[in-house]
Amino acid sequence: MADAQTAKDRDFEKGLDGSSTGVASFDTHSRSLLDQIQHTLHSHPAGVPLIVLLASVAGFGIILGSKFFSPFALTLILQQVAIVGIVGMAQSLVVLTAGIDLSVGAIMVLSSTVMGHFTFRYGLPAGFAVMCGLGCGAFCGFINGTLVSRMKLPPFIVTLGMWQIVLATNFLYSANETIRSQDISEQAPLLQFFGEKINIGGAVFTYGVIGMILLVLLLQYVLNHTSWGRHVYAIGDDPEAAELSGVRVRRTLISVYSLGGLICAFAGWVLIGRLGSVSPTAGQFTNIESITAVVIGGISLFGGRGSILGMMFGALIVGVFSLGLRLIGTDPQWTYLLIGLLIIFAVAIDQWIRKVAS
Amino acid sequence: MTRDTSKREPILTARGLVKRYGRVVALDHTDFDLYPGEILAVIGDNGAGKSTLIKTISGAVVPDEGEIRLEGSPIHFTSPMDAREAGIETVYQNLALSPALSIADNMFMGREIRVPGFFGKYFRKLDRKAMERISREKLNDLGLLTIQNINQAVETLSGGQRQGIAVARAAAFGSKVVIMDEPTAALGVKESRRVLELIKDVKARGLPIVLISHNMPHVFEVADRIHIHRLGRRHAVIDPKDFSMSDAVAIMTGAMEPPENAQAA
């Protein structure tokens, strides 16, 4: 009776007898060119920003000739994007976990004031003051991470609050005092370390630029070739799935925000090298600029997709447009207008690439 | 099968499990037995407490009272990680895969392999080649995939293919027990059929399986015994060969009294 019933219940599956039984035959039939592009970009998230970067360098090179296409001008772009590039790495880590960090700029400035004032107000050795500054940045990040992962507060709100708190602390602590470049180079040249330059045939590399490039390569390795890096992507993709497959989500999130804070503090050190002085009012726009670099660089604000190299290309695109348009002599507002267009273009491309999934 | 198993020692047992959520009693002194090499289906109406029961076994829920034993020794899981380390793997209904990551990344999520030697130790470098090779082997073992690209993102796969990856992951790493929560619920007819074959393949390799399902034809096709959960406790355990699907549903909903001898199993 039971067997007959079972057989009857399965009658509806008889139609399957003649059908193919392969469960995972991957479609290999030829796709249209557009589909192929879509698939290629899906597996190479830094592709779009790289193409845009190369095209814009070539474009400005053709228009401006050797004025733009010189070792000096090209390395000047690197120097100008060094700060945003480094802060953008901190931002990238957080955005990859589907969060956002609005406090990056504030943490950077507070760390740089800590470095400066610990040296000049308390007479501590510059090396120790730098360590304290780095520790301060990492601690701010740790607070962000703890609030986001343990208290389950939205990253946008947590870092919006921290932005105000950290910035206010920065002004209160520094009493809005700037430490002059001259004093620093006389008494604590270590603080300006990243402003040192190497000149190779007209190309000027500051130590800050070299630090940025090394950090990009390091993070690219960590994100792609260590468990921690894979876990960062998995958390951004689907935190519950990550948790169930054995990722320690809360611990990883705290480490991401803490590392982000540490990187911001490093940017603060580089900032002293770039400005020469320690100024509590510096870097007011670093927040938005870092998010711009991340978005143009093809990192998805929904988390889990994109690469740190892409963010670097994004920061460079902004740098190329700023310098190129300035050399042409246009109103700087054109730069902002074009960057605005690029942001919307980048997000539209991101949405299109996502459709590969369905 | 019911008569045979009574002579053997169960691999996984639970006695007197209680779980309360406020005033709601999800598990009311329930028992559970899984024997080596069998497929035990767990059925029950919505709210009967079967998912809470499964979660206590897979480590996602800590019971208020009662005892769970794996191969005779008591176990106390506080997280799914603990259960995994003890050799109990779960295929969750939502699959617990990261869509943007590759098949190999997903297979090894949370238990990655590092390269041997200096780079693995100090730079924590992952051994991608080994993970890709093993993933491919494990998928082939189950006759699952004629895969071209193990680095393909999971989101580019169909529902059945994803289910296959999740099952293969559980079968590859589960050394004692595999739990499957509604593995065919989201699948089409054809893909369901393939997943049922997969379940049988896993069983043929000697791993006992706990199958939670609402789909009676699927349950009756693959299960050796059926654990019927009702009102927070084990209501009956029946042999699918002795009962019809409508009987099982009747027992599950309380329309029919469970047979005397079925209680004992």
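View 1. Of the contacts in chain A between residues at least 6 apart in sequence, 76% join residues at least 24 apart; two residues are in contact if their C-beta atoms, placed from the backbone, lie within 7 Å. Chain A contains 15 helices and two strands, where helices (H or I, at least four residues) and strands (E, at least two) are DSSP runs numbered from the N terminus. This is a predicted model, in which local features need pLDDT of at least 70 and side-chain atom pairs count only at pLDDT 80 or more, while totals for chains, interfaces and linings use all residues. Residues are numbered from 1 along each chain as its sequence is written, and chains are lettered from A and ligands numbered from 1 in the order in which they are written.

**View 2. Crossing of helices H5 and H6 in chain A.** The axes of H5(A) (residues 104-120) and H6(A) (residues 126-149) come within 8 Å and cross at roughly 150°; axes are lines fitted to C-alpha atoms, for helices over the stretch in contact, and angles run from 0 to 180 degrees between N-to-C directions. H5(A) is therefore roughly antiparallel to H6(A) (an angle over 145 degrees). Residues in the contact include A:Leu110 and A:Phe118 of H5(A) and A:Gly133 and A:Cys140 of H6(A).

**View 3. The open sheet of chain B.** Four strands are arranged in the order E2-E1-E4-E5, with antiparallel pairing; two strands pair if DSSP finds at least two bridges between them. Strands E2 (24-34) and E5 (73-75) of chain B are the edge strands, each pairing on one side only. Eight bridges join E1 (residues 12-21) of chain B to E2(B), and B:Thr13 has B:Asp33 as its bridge partner in E2(B).

Notes
Parallel < 35°, antiparallel > 145°, perpendicular 65-115°, else oblique.
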